[in-house]
Amino acid sequence: MTTSSRLSSPRPRPARRGVRGALFGLAASVFVAAGGMVSAAEARTITAVMESLRTLDPIITTAHITRNHAYMIYDVLVAVDKNFQPQPQMAGWTVSEDGKVYTFTLRNGLKFHDGAPVTAADAVASLKRWGQRDSGGQMIFDLTASLEATDDKTLVWTLEKPFPPLLETIAKQSALPPFIMPARIAATPANTAITEHIGSGPFRFVAEDFQPGVSVRYVKFEDYVPRSEPPSWMAGGKVVNVDEVKWVTMPDPQTAINAIMSGEVDFIDQVPVDLLPILETSDDVVVELRDDLGYQAIGRMNFKHPPFDNKKLRQAALRALNQVDFLSNIVGNPDYYRPCGAIFGCGTPLANETGGETLTSGGDIEGAKKLLAEAGYDGTPVVILQTTDVRVISSQPIVAAQSLRAAGFTVDLQPMDWQTVVSRRANMGPPSEGGWSLFFTNWIVPEVFNPLISPMLNGRGDKAWFGWPQDDEIEALRAEFIDAASDEDRLDIAKRIQIHAMDNVSYLPLGQFFSPHARSTKLENMVMSPVQVFWGVTKTE
């Protein structure tokens, strides 16, 4: 039993971790991967309510649930800890004096789920596939002279010129981490989804139990050899203390609440803030915020087709929007959000809010109308992909539509589930042929905190993230950031990137918010990380 208390405000950040809260009431039927009921007596099984999972390839999408799935079954060469520092994970490394040669040596005991040993050739193939899709990876490979396996345990990455943030880039925890998979699978073209899902991580994916959008089952990989260090974000020892983890999807939050209260599930990934008062009488559930920075809500425009191939119309759309409208609909309680015009996220070393003033101060509808007139807007519809089944995204298209219409835009809201959005946003065709003009999503702030990691700051046209801006100026600024000689220089370049990104409307930063999760008191020692993981956790009767 625990002492129940209200969840403290996210603003005094050190106090947010480990905060105890209360939860919910009533029983619910929970269907798991095999189609049966979950028994509360299954002490070695964790049943978690997670977002719907359909896309399994972590290289072709930046969807968070796919990334979470990948961390269950894959591992990475280098991982970032809670201090944003890269640490050895599958491999240690040395760097030549001139900064051009990185030598990675795989640690002992690495084995894939099919029994094959992990080799340096597997890592090379995986890194090359990742480098075709990832924003920072593309920049590294621009400067790569060679990447090769010199023996089964050694890979040598030789650069044409130094790339000082290489380790930080390949260690990043999200969007897109370079997960290591067998070379035969990594040989799949980077724009084609893989069909085998075999990693060397702490859990195995049970393909025969997978019900897309409904449930997924992972079992402990008995041959996984964890590191000896304590876990810290994605780094350290990934010790599995349960036999299996089952993810189930429950679109109705009240159903999930009922299920955790009755003991039929053990964990809820995201709890609606407006339902937290229901939790205040329970000593059997803990409510926590898993990180100190939260999420950044964003809108992304399509640069290839009208209307947002026109810079003034992008600027008009930005002027029309008010962050508080979005945040209050996503979260409701102002204790759990903060307006922020910084593309790198408020609370991060590079944060600067220049250019975001209208977003954070209530919007400027009249300014938006003026820009529409100057641009000669002809009424081309803004086709918005309207997510309907993910609570923290579903309100954003509606709020945007209201504001854009008030400014004079014609808006076509097209409702669909999130997995359809994830698929359709990859369509480069015009909106009339299944394309789109605008969609919304959220990033954890560690995904956007510098210009090499943030997917939205890639200006490489068709090789960029969905929306495909051709932006040579931002590419030049990112190259300057790589070569910066000091922290002061990096800060100056980051400010210039902020100014340019807001002027060009690389994307729409819509503020930061915090989303608590709920766990049964039977679960202990959960790793506090922006990415939900299930190693380290123990479950008691």
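**Asking why: contacts and burial in a predicted model**

Me: What makes the E288 and R519 pairing a polar contact in this predicted model?
Reply: The side chains of E288 and R519 come together at 3.1 Å. The cut-off for such N or O pairs is 3.5 Å, so the pair counts as a polar contact.

Me: And why is E288 called buried or exposed?
Reply: E288 has a relative accessible area of 4%. Buried means under 20%, so E288 is buried. E288 is found in strand 12, residues 285-288.

Me: How do you know that C340 and C346 are joined by a disulfide?
Reply: Their sulfurs are 2.1 Å apart, and the limit is 2.5 Å, so the pair qualifies. A search of the whole structure turns up 1 disulfide. C340 and C346 are both buried.

Me: What makes that disulfide left-handed or right-handed?
Reply: The torsion about the S-S bond of C340 and C346 is about 100°, so the disulfide is right-handed.

Me: Why say that the buried residues of helix 8 line one face?
Reply: The buried residues in helix 8 (residues 323-330) are Q323, F326, L327 and I330. Looking down the helix axis, they fall within an arc of 90°, so they line one face. As background, an α-helix has 3.6 residues a turn, so residues three or four places apart point the same way.

Me: What covers the buried residues of helix 8?
Reply: Among the covering elements are strand 13 (295-301), helix 11 (391-407) and strand 18 (508-513).

Me: Why is the F84 and F449 pair called tilted?
Reply: Their ring centres sit 4.7 Å apart, with 50° between the planes. Pairing needs centres within 6.5 Å, and under 30 degrees would be stacked and over 60 edge-to-face, so this pair is tilted. F84 lies in the loop between strand 2 (78-80) and strand 3 (86-88), and F449 in the loop between strand 17 and helix 13 (472-483), so the pair ties together parts that are 365 residues apart in sequence.

Me: What makes F308 and F409 a tilted pair?
Reply: The ring centres of F308 and F409 are 5.9 Å apart and their planes lie at 55°, so the pair is tilted. F308 and F409 are both buried.

Note on methods. Residues are numbered from 1 along each chain as its sequence is written. This is a predicted model: local features need pLDDT of at least 70, side-chain atom pairs count only at pLDDT 80 or more; totals for chains, interfaces and linings use all residues. Side-chain values use heavy atoms; hydrogens and water are left out. Buried means under 20% relative accessible area, exposed over 50%, partly exposed in between (1.4 Å probe, protein chains only). Helices (H or I, at least four residues) and strands (E, at least two) are DSSP runs, numbered from the N terminus. A polar contact is a pair of N or O atoms within 3.5 Å; within protein, one must be able to donate a hydrogen and the other to accept it, and residues adjacent in sequence count only if both atoms are side-chain atoms. The arc is that of the directions from the helix axis to the C-beta atoms. Contact means heavy atoms within 4.5 Å. Rings of Phe, Tyr and Trp (its six-membered ring) pair if their centres lie within 6.5 Å; planes under 30 degrees apart count as stacked, over 60 as edge-to-face and the rest as tilted.
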